[in-house]
Amino acid sequence: MLVVINTHHASFARLPSLIAAARQRDIPVVFANGSATETAIPDGLRKNEYLIRQRRHSVFYGTELPILLREFGASTVILAGGETSVGVHYSFVDAHQYDYFCRVVEDCMAGTSPLAHEAALRAMEYMQTGARRKSDEVIATFGNAPASLAATGDNL
Amino acid sequence: MTTRKATPHSLIVGKPALLVIDVQGDISASRHDEARNFPMPHYEDYMRKIPALIATARAGDVPIIYMQEVHHPSMIDFGRELDGFERVHCLEDSPRTAIVPEVDRRPTDYWVRKRRYSSFFDTDLDILLRGLEARTLLMVGGFTDVCVHYAFADAHQRDYVCRVVEDCVAGSSYSAHEAALAAMEYLQADSRCVRDDLIEALRARSAAAASG
């Protein structure tokens, strides 16, 4: 499952391609945000897609995300968006503690500072070796996913 | 968007509780592994500063909660914890899993076991804190960048006032320790404190209670 957090940063040039690649293979996408204006959902929500409202840093805290992950049978959570050092990092921690395989698309996110961005990426790689991925690799993997695996996105 | 400027808080807001996170194993000798650069050098020196703070908290009737990370010897409960840098740790049948005697855990103290990094994840800590009516959590122990940081983040999301005692926490590496302290400061601007200032604040609180 692809989870896209706060996309209000202009720097995520690769994000539309990432979302498009997930959609092409029916990989479920969840958009999470602080307010409606902060989320850019290309062409609006599609089937298998959800917009969840986040009131704390972790997208798991007080939201329906745990239910959605179970319903879709997802085993890998792929995170993109911002900020690396806050929303992404603390969502990763929760996904990790719920036993999901966690991946972060590091060129589709930014931190509160370059230093905080890098520190958070290191902390996530500490938890799961191979967590840090580039969008090209993730998009290629989505494209190669057999249809049976696409729904869970668990072959990264 | 409306912005609200952070209000400076005093060190202790409302009722405090002291959270002693994962002070387990042996703090009498260095366990820094130079080849892995893990955990940070002088890790034990930071842990050895904790008992004096605990004694002060105890004298001031501040509840002390000992967190202990445990895993079943079958390793069934590790989840994804062995997918990264960490190796097998805190097995329930290992003597190194015990809370260190130096921190003086007593039967009247609180003791919560956990199987994940965060002290709040699938534990009864929040029930306990609500019962204690705790508002400020004072955090010590390790690792700064893992169990302390993620307990802090969860406490923050549950609206507690969080304080990390930066000379009583130590990390998996020095750079990760520093980065985690900065991340905690980002969440709550006045959350970093040093032990001796906290000891002074706890003593002042006790004195005020005695005279009041």
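Author: B:Leu137 has B:Cys162 of β5(B) as its bridge partner. The model in which this pairing is found is a predicted one. The two strands concerned, β4(B) and β5(B), run parallel and are joined by six bridges. Strand β4(B) covers residues 134–142, and β5(B) covers residues 161–170. Of the 10 residues of β5(B), nine are buried, so this strand is largely enclosed by the rest of the structure.

Both strands belong to an open sheet of six strands in chain B, with parallel pairing and the order β3-β2-β1-β4-β5-β6. At its edges stand β3 (110–114) and β6 (192–193) of chain B, each of which pairs on one side only. Strand β3(B) has its pairing with β2(B), residues 64–69, in the parallel sense and over five bridges. There, B:Glu69 has B:Lys114 of β3(B) as its bridge partner. As a general point, the side chains of a regular strand alternate between the two faces of the sheet.

Helices of chain B accompany this sheet. Helix α2(B), residues 50–59, lies across β1, β2, β4 and β5 of chain B, and its direction is at about 150° to that of β1(B). Helix α6(B), residues 195–211, packs on the sheet too, where it touches β4, β5 and β6 of chain B. The direction of α6(B) makes about 130° with that of β5(B).

The peptide bond that joins B:Gly142 and B:Phe143 is cis, with omega about -20°. B:Phe143 lies in the loop between β4 and α4 of chain B. Chain A also has a cis peptide bond, from A:Gly82 to A:Glu83, with omega near -10°. A:Glu83 is found in the loop between β4 (76–82) and α3 (84–97) of chain A.

B:Asn37, in the loop between β1 and α1 (43–47) of chain B, has a phi near 50°, which is positive although the residue is not a glycine. With 14 C-beta neighbours inside 10 Å, B:Asn37 counts as partly exposed. In chain A, A:Asp99 has a positive phi of about 75° and is likewise not a glycine. A:Asp99 sits in the loop between α3 and β5 (101–110) of chain A, and counts as partly exposed because it has 15 C-beta neighbours inside 10 Å. In general, most residues other than glycine have a negative phi, and most peptide bonds are trans.

The surroundings also include the other chain. The contact between the two takes 19 residues from chain B and 20 residues from chain A. On the side of chain B that touches chain A, the elements giving two or more residues are α4 (144–157) and α5 (174–187) of chain B. Helix α5(B) gives the most, with five residues. By kind, the residues on this side of chain B are 10 nonpolar, five polar and four charged.

One residue of chain A shows this meeting in detail. A:Tyr126 lies in helix α4(A), residues 114–127, and touches B:Gly84, B:Phe85 and B:Ser172.

Chain A has six helices and six strands, which follow the pattern β-α-β-β-α-β-α-β-α-β-α-α along the sequence. Of its 156 residues, 46% count as buried. Among contacts in chain A between residues at least 6 apart in sequence, 70% join residues at least 24 apart.

The axes of α1(A), residues 15–24, and α5(A), residues 135–144, come within 9 Å and cross at roughly 15°. These two helices are therefore roughly parallel to each other, and α1(A) passes α5(A) in a left-handed crossing. Helix α1(A) makes the contact through A:Ser17, A:Leu18, A:Ala21 and A:Ala22, and α5(A) through A:Ser135, A:Val138, A:Ile139, A:Phe142 and A:Gly143. The residues of this contact divide into six nonpolar, three polar and no charged.

Notes. Residues numbered from 1 in each chain as written. Chains lettered and ligands numbered in written order. Predicted model: local features only at pLDDT ≥ 70, side-chain atom pairs only at ≥ 80, totals over all residues. Contact = placed C-beta atoms within 7 Å. Helix = DSSP H or I, 4+ residues; strand = E, 2+ residues; numbered from the N terminus. Nonpolar A, V, L, I, M, F, W, Y, C, P; charged D, E, K, R; others polar. Pairing = 2+ DSSP bridges. Axes fitted to C-alpha atoms, helices over the stretch in contact; angles between N-to-C directions. Parallel < 35°, antiparallel > 145°, perpendicular 65-115°, else oblique. Left-handed = near helix turned anticlockwise from the far one by under 90°. Buried ≥ 20, exposed ≤ 12 C-beta atoms within 10 Å, placed from the backbone. Lists of a residue's contacts leave out its neighbours within four places in sequence.
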